[in-house]
Amino acid sequence: MKIEDFIDGVSWGRKDLTNIKDLSLREINEIFALAKLFKSSLKTDGAKLPYLKGKTVVNLFFEPSTRTRTAFEMAAHKLGADVISVASNISSSVKGETLKDTARNIEALMSDMIVVRHSSAGAAQYLADRVKIPVINAGDGAHAHPTQALLDAFTMREHFGDDISGLKVTILGDILFSRVARSNIYALDKLGAKVTLAGPSTLVPDEFKSLGVNICYDLPEAIADADVVMLLRIQHERQRANYFPSISEYASIFGLGVRRENLLKKGAIIMHPGPINRGVELDSVLADSGRSVILNQVTHGVAVRMAVMKLCMGASLKGK
Ligand code: CP
C-alpha cells in the first residue's frame with residue numbers, strides 16, 4: 001500500500017501521545033502499519049519524505065537522552081520538518097520559568113509540535129492540556145515512555161511476526177522506577193502477550209499483579225520459558241534508598257550473564273531499551289550476541305516515531 005493511501009484512511013484522532021494506557025488496539029496497530037510503511041520507504045529511498053514539510057518540531061528534554069532525542073530528531077528530519085532542540089541546562093527553566101510558560105512560549109514562536117522528556121510523572125499530559133499543538137511524551141519520570149514501548153513491540157513483531165499474542169515476555173530488573181516497564185506492560189497486554197516481571201522483591205512489588213502480569217523473584221524460573229527477555233537498567237537517579245545490598249550482588253543474582261545463556265529457550269531474544277550497564281543487568285557478550293536485537297530496537301525507533309509524529313500532526317491539523 002502507498003503511504004498516501006494509508007494516511008488518507010486512518011482513523012487516528014489524537015493530537016498528542018502521552019501514554020499507552022489510553023490507546024486502543026486499533027490505534028496501536030495503525031501506528032505499527034504506518035511505521036512499517038515508513039521503514040520500507042527508508043530502506044529503498046534515502047530521500048526525505050514530505051509529510052511534515054514546513055513544520056517545526058521542538059525537542060524539549062529536561063533529562064539526558066541519546067536514543068530517544070536523536071531518533072525523534074531523525075524522524076522529524078526524514079519527514080521534512082525543521083527541528084530545534086532546546087538544551088534544558090541553558091533554557092530559561094534554570095531562571096525559574098515554569099514548564100507551562102516554557103511550552104506556551106515555544107508555541108507562541110509558531111512551533112508545530114513539542115517532544116518533551118521530564119523527570120515529573122504527568123508532565124507531558126500537563127502540557128498537552130495547555131497548548132494547542134501536538135505534544136509527544138519522550139519519557140516522564142517513572143510514569144510512561146510510550147514510543148519506547150511501541151518500538152519494543154514493533155521489534156517483537158518484526159522478529160516473531162505480526163501476531164504476538166501468546167508471546168512470553170519477561171521484563172527483568174528495576175521495574176519499580178521504570179517508565180519503560182509500565183508502558184510495555186500496557187502495550188503488550190493490549191497485544192495479547194504474556195508478561196512476567198522479575199527482579200528483587202524490593203524492585204518488583206506485588207501491586208503490579210493488578211496489571212495482569214505474572215511476578216517471579218527467581219531468575220532461572222523467570223527466563224526459562226521466555227521468548228523475549230527484556231533487561232532494564234538500575235535507575236540510580238530515581239532511587240532514594242538502597243533496594244539491594246550492592247551492584248555486584250545484584251549482578252550475581254539477577255544479572256543475565258554468559259553462564260546463564262543456557263537457561264534461555266532456543267530462539268529467545270534479548271532486548272534492552274538502553275543505556276546498558278554492561279556487566280550489571282546484562283553481560284557484554286550477550287548484549288553483542290546473535291540473540292540481541294538491541295540495536296534493531298534503536299533503528300525501529302525512527303520509523304515508529306515518524307508514524308507517531310505524522311499521525312498526531314494529521315489529527316491536530318484536522319481539528320483546526
Ligand atoms: N531508551 C531510552 O529512552 O534511551 P535514552 O535515555 O538514551 O533516550
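**Close-up views of a predicted model**

View 1. Cys-216 has a relative accessible area of 8% and is buried. Cys-312 is buried as well, with a relative accessible area of 0%. Both count as buried because their values fall under 20%.

**View 2. The aromatic pair of Phe-177 and Tyr-243.** By the rule applied here, the count of aromatic pairs comes to 5. One of them joins Phe-177 and Tyr-243 in an edge-to-face arrangement, with 5.4 Å from centre to centre and 75 degrees between the planes. The pair is classed as edge-to-face because this angle is over 60 degrees. Distant parts of the chain are linked by this pair, whose residues are 66 residues apart. Phe-177 belongs to the loop between β5 (168-172) and α7 (179-190), whereas Tyr-243 belongs to the loop between β8 (228-231) and α9 (247-254). Phe-177 is buried, at a relative accessible area of 11%, while Tyr-243 is partly exposed, at 23% relative accessibility. The two residues fall in separate classes because the cut-off for buried is under 20%.

**View 3. The ring cluster of Phe-244, Tyr-250 and Phe-254.** Phe-244 and Tyr-250 make a tilted aromatic pair, 5.1 Å centre to centre, with their planes at 45 degrees. Both Phe-244 and Tyr-250 are buried. Ring pairs connect these two residues and Phe-254 into a cluster.

**View 4. Arg-305 over the ring of Phe-72.** Arg-305 lies over the face of Phe-72. The distance from Arg-305 to the ring centre is 5.0 Å.

**View 5. The largest nonpolar core.** This core has 72 residues, of which Phe-38, Leu-197 and Met-309 touch the most other members. Helix α11 (residues 294-318) gives the most to the core, contributing 11 residues. At least three residues of the core come from each of domain 1 (3-145 + 299-318) and domain 2 (146-295).

**View 6. Surroundings of Phe-38.** With neighbours within four places in sequence left aside, Phe-38 is in contact with Ile-3, Leu-49, Tyr-51 and Leu-79, and also with Ala-303, Met-306, Ala-307 and Lys-310.

**View 7. Another nonpolar core, of 24 residues.**

Terms used: Residues are numbered from 1 along each chain as its sequence is written. This is a predicted model: local features need pLDDT of at least 70, side-chain atom pairs count only at pLDDT 80 or more; totals for chains, interfaces and linings use all residues. Side-chain values use heavy atoms; hydrogens and water are left out. Rings of Phe, Tyr and Trp (its six-membered ring) pair if their centres lie within 6.5 Å; planes under 30 degrees apart count as stacked, over 60 as edge-to-face and the rest as tilted. Helices (H or I, at least four residues) and strands (E, at least two) are DSSP runs, numbered from the N terminus. Buried means under 20% relative accessible area, exposed over 50%, partly exposed in between (1.4 Å probe, protein chains only). A charge sits over a ring if NZ of Lys or CZ of Arg is within 6 Å of the ring centre and within 35 degrees of the ring normal. A nonpolar core is a set of buried Ala, Val, Leu, Ile, Met, Phe, Trp, Tyr and Cys residues joined through side-chain atoms within 4.5 Å. Domain bounds come from an automatic or database domain assignment. Contact means heavy atoms within 4.5 Å.
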